[in-house]
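Hello,

Here is the structure you asked for. Please have it open while you read; my notes follow below.

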Amino acid sequence: MNRNSMGARMLGLVAVVAVVTVAGCGGGGSSSSGSGGDKTVTIGFAQVGSESGWRTANTQSIKSVLTKENGFTLKFADAQQKPENQIQSIRSFIAQKVDVIAFSPVVTTGWDTVLEEAKAAKIPVILTDRAVDVKDDSLYASFIGSDFVDEGKRAGVYVSTTFGTAPISVVELQGTTGSAPAIDRKKGFAEAIAANPNIKVVASQTGNFTRSEGKQVMEGLLQSQPKIDVLFAHNDDMALGAIEAIEAAGKKPGQDIKIVSIDGVKDGMQALTDGKINYIVECNPLLGPDLATLAKKVADGGTVEKRIVTKDEAFDQAAAKVALPSRKY
Ligand code: GYE
């Protein structure tokens, strides 16, 4: 029919334009048609927010790699730590027919419906940093990020072996309620200290991964708890806020109250070097390069690994002194 032949001619035109564009980029390696490897990939990314230094480094990593020069058009949305904003952004990416959707889910639950919508629209989804709790794991192509249970465990082992040789009272500042890192870090820590009868977790409250809430919650704990020996904070920013509260209460962070946290951002590593934090388990935020590789592959219809675990280190005060000068974030 007329419309069909018109459609076919238009497609032909698009194909010619695509080949010319690729040749114009100087790629040179593109053979015939169809390969998505050399064409621009439009990717919608729904970020958690800007709650922490970790998040700032993560956003920067993503934005610096998903660039025009690297063959991407990035549509970036900041959810301001609200899952409903992320759902809205994902729906908008679907409506815009992006090639790939990536996001770091604020909380683990509530994603089935919107991910089914993405699947119905044949748009592959990559989870970065945080996991989802869905019934059908074919709703996403891959999940790249750290093992948060392991991070919590490593923090717990340090507390147990370093401070838990005598009876101690521990307070815990949890991350955002319902988020994968808060759930998993709490779990890993609890597992690691379970066998040590000297350790008592006397309070565990959320500080929502932010410096201001970390400070505020620690102020309350300093008033309500007769004895605090150790603070376990699910991220550096909450530890840094808590340090302000501890100093304001006339106590020495790192000495009167020992502090263990997770992330390893510059400010945290600085406080560790200064003796105000005792130990940090690293969580690597530089997920941009791996996300770029994955996004190209899924946009091209390729298969990818379902789970990619980022490698993390851990630092005591001496190790932080060595690592700090060359720290990238
Ligand atoms: O530890 C914290 C951030 O999801 C791993 O989110 C991330 C966590 C990180 O706000 O600082």
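**Ser 89 and its surroundings**

Setting aside neighbours within four places in sequence, Ser 89 contacts Ala 46 and Ala 77. Please keep in mind that this is a predicted model. Ser 89 sits in helix α3, which covers residues 83–95. Is Ser 89 buried or exposed? Ser 89 counts as buried, because its relative accessibility is 14% and the cut-off for buried is under 20%.

**Helix α4**

Helix α4 spans residues 112–120. Which of its residues are buried? They are Asp 112, Val 114, Leu 115 and Ala 118. After α4 comes Lys 122. The phi of Lys 122 is positive, near 60°.

**The ligand**

Next, the ligand site. The ligand is surrounded by 13 residues. Which are the closest? They are Glu 51, Asp 129, Arg 130, Asn 235 and Asp 263.

- Asp 263: a polar side-chain atom lies 2.6 Å from an oxygen atom of the ligand.
- Arg 130: an N or O atom of the side chain is 2.8 Å from a ligand oxygen.
- Arg 185: a polar side-chain atom is 2.9 Å from an oxygen atom of the ligand.

How much of the ligand does the protein cover? On its own, the ligand has 300 Å² of accessible area, and the protein covers 100% of that. The largest cavity is the space that the ligand takes. Two elements give two or more residues to the shell around the ligand: α2 (53–65) and α6 (180–193).

**The whole protein**

Last, the overall figures. The protein has 329 residues, and 50% of them count as buried. How many helices and strands are there? The protein contains 11 helices and 12 strands. Now take the contacts between residues at least 6 apart in sequence. Of these, 74% join residues at least 24 apart. The accessible surface of the protein is about 15500 Å². Carbon and sulfur atoms account for 53% of that surface.

The ligand and Asp 263, one of its closest residues, could come next.

Best wishes

Methods. Residues are numbered from 1 along each chain as its sequence is written. This is a predicted model: local features need pLDDT of at least 70, side-chain atom pairs count only at pLDDT 80 or more; totals for chains, interfaces and linings use all residues. Side-chain values use heavy atoms; hydrogens and water are left out. Helices (H or I, at least four residues) and strands (E, at least two) are DSSP runs, numbered from the N terminus. Buried means under 20% relative accessible area, exposed over 50%, partly exposed in between (1.4 Å probe, protein chains only). Contact means heavy atoms within 4.5 Å. A residue is near a molecule or strand if one of its heavy atoms lies within 4 Å of it. A polar contact is a pair of N or O atoms within 3.5 Å; within protein, one must be able to donate a hydrogen and the other to accept it, and residues adjacent in sequence count only if both atoms are side-chain atoms. Accessible areas come from the Shrake-Rupley method with a 1.4 Å probe; for residues, only the protein chains shown count as cover. On a 1 Å grid over the protein atoms alone, a cavity is a set of points where a 1.4 Å probe fits but cannot get out, and a pocket is an open set with protein on both sides within 12 Å along at least five of seven lines; lining residues have an atom within 4 Å of a point. A molecule sits in a cavity or pocket if more than half of its atoms lie within 2 Å of its grid points.
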